[in-house]
Amino acid sequence: MIQTIRKAWGVPELRKKILFTLMILVIYRLGSAIPVPYVNVQLLSDYLDSMGTTILGLYNVMSGGAFAQATVFALGIQPYINSSIIIQLLTVAIPALERMQREGGEEGKKKIQSITRYSTVAIAFLQALGYFFILKRGFNGMSMLTSDTIWAALVIMVSWVAGSSFLMWLGEQCNEFGVGNGISMILFAGIISRVPSMITGMYNGLVAGTMPWWLILLAVIGILALVVLIVFVNDAERRIPVQYAKRQVGRKMYGGQTSNLPMKVNMSGVLPIIFAQSIATIPATIGAFLPAPAEDTFGYAVLNAIDSKSVLYLLIYFVLIIGFSYFYASIQFNPVEISNNLKRNGGFIPGFRPGRPTSDFISRVLNKITLFGALYLGIVAILPLIADKISTAVTKQVTTLGIGGTSVIIVVGVALETVKALENQMLMRQYKGFLD
């Protein structure tokens, strides 16, 4: 990876792309440090510390801590990601959008992209409105707003919506003039920015004696093992052999070659974890807004059962990840469509007749691969939570390692994707033809 970056730096065009990407990341981090006016940041930070196990805690992680500081980029890139996912699902459900994507060509893609942008602004406004009402509700009987006027509400919400829209624009500029996927790079920068505070927390726990050295060592070894597993599975794929029959068009003979149909083990990426975590934390989020029940009551028992560190939560979380993995794989990969495309181009899978037998075989392979990928995602997602549970039992106090499976998958995936993009760019510029 370091060697690839060093070689890319030697190419003037790639050096400009790398510098442009770094400039965008610097702008993102600067915006994440500028708080909006009329907000009591210290009280808000204390409030979100108490809500770390809810969906608000997930938003804070994805925004790189900007959500807890009520900065201009507090909403992060989440509205754009949510909008993209919603439009992608609607494309499958609404025939008009599906035709626009398949048959509209470049113009159709531009229209869908325009719909996604407008949806991003609408989702950002709804999230800003909900966030403002959370601030207005207060914490411990104190308002988290220093001013409760209409002007203050307008300034706060417009700042958040504008910040989210600006991040969307930055991501698109990075796609065009930078290296890698701009949205992924912004997510990557937000998660990486929390690493120094995680290291500081471990060091303070070690000095104070609240966290033993061997527990920190095990945490580091576990994270490294998790990275190795993610790198191994990220590039893993099942290749189904495909044979193309010979056919004559005019005086030329086409086909006759052997190819393969690649199927990635983890074709859904990190989305099943994000979906599952958003849904699994809804009960805890609702419980956090309700008055705290007294001990040894039914409400207290229910609150402990839906807590993000409970065994019930881990089981529900694991099952939801598997369910969403199958759901997203069925949207991304259509065996019937693949079978029809192979038949149309004169291709077939050896041992299976074109048509229904081929699609059934692809479906069986897809189900097996999706099961393995879903189990992998579930294990990666719950291992840090189990580690936190063990750490709490050993130290006799609530401790967190400060890192989740979602964050590790995003960081490693974006790093691998960026390196691959750099290698492809260098290959385009250093390719030698047969005349060289």
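Close-up 1. Strand β1 (residues 237–244) runs antiparallel to β4, and seven bridges join the two; strands here are DSSP runs of type E with at least two residues, and helices are runs of H or I with at least four residues, both numbered from the N terminus. Two strands count as paired when DSSP finds at least two bridges between them.

Close-up 2. A search of the whole structure finds three salt bridges (a side-chain nitrogen of Lys or Arg within 4 Å of a carboxyl oxygen of Asp or Glu). In this view, the side chains of R117 and E172 meet in one of them, at 2.9 Å from N to O. Because R117 sits in helix α8 (residues 105–137) and E172 in helix α9 (residues 150–177), the pair ties together parts that are 55 residues apart in sequence. R117 is partly exposed at 32% relative accessibility, while E172 is buried at 15% relative accessible area. Here buried means under 20% relative accessible area, exposed means over 50%, and partly exposed lies in between, using a 1.4 Å probe and protein chains only.

**Close-up 3. R239 and E237, a salt bridge.** R239 forms a salt bridge with E237, and their closest N and O atoms are 2.7 Å apart. R239 counts as exposed, with 54% relative accessibility.

Close-up 4. Finally, have a look at helix α18 (residues 356–395), where R356 and D360 both lie, four residues apart, about one turn of the helix. These two residues form a salt bridge, with 3.3 Å between the closest N and O atoms. At 63% relative accessibility R356 is exposed, and D360, at 30% relative accessible area, is partly exposed.

**Notes for all views.** Residues are numbered from 1 along each chain as its sequence is written, and side-chain values use heavy atoms, with hydrogens and water left out. As this is a predicted model, local features need pLDDT of at least 70 and side-chain atom pairs count only at pLDDT 80 or more, whereas totals for chains, interfaces and linings use all residues.
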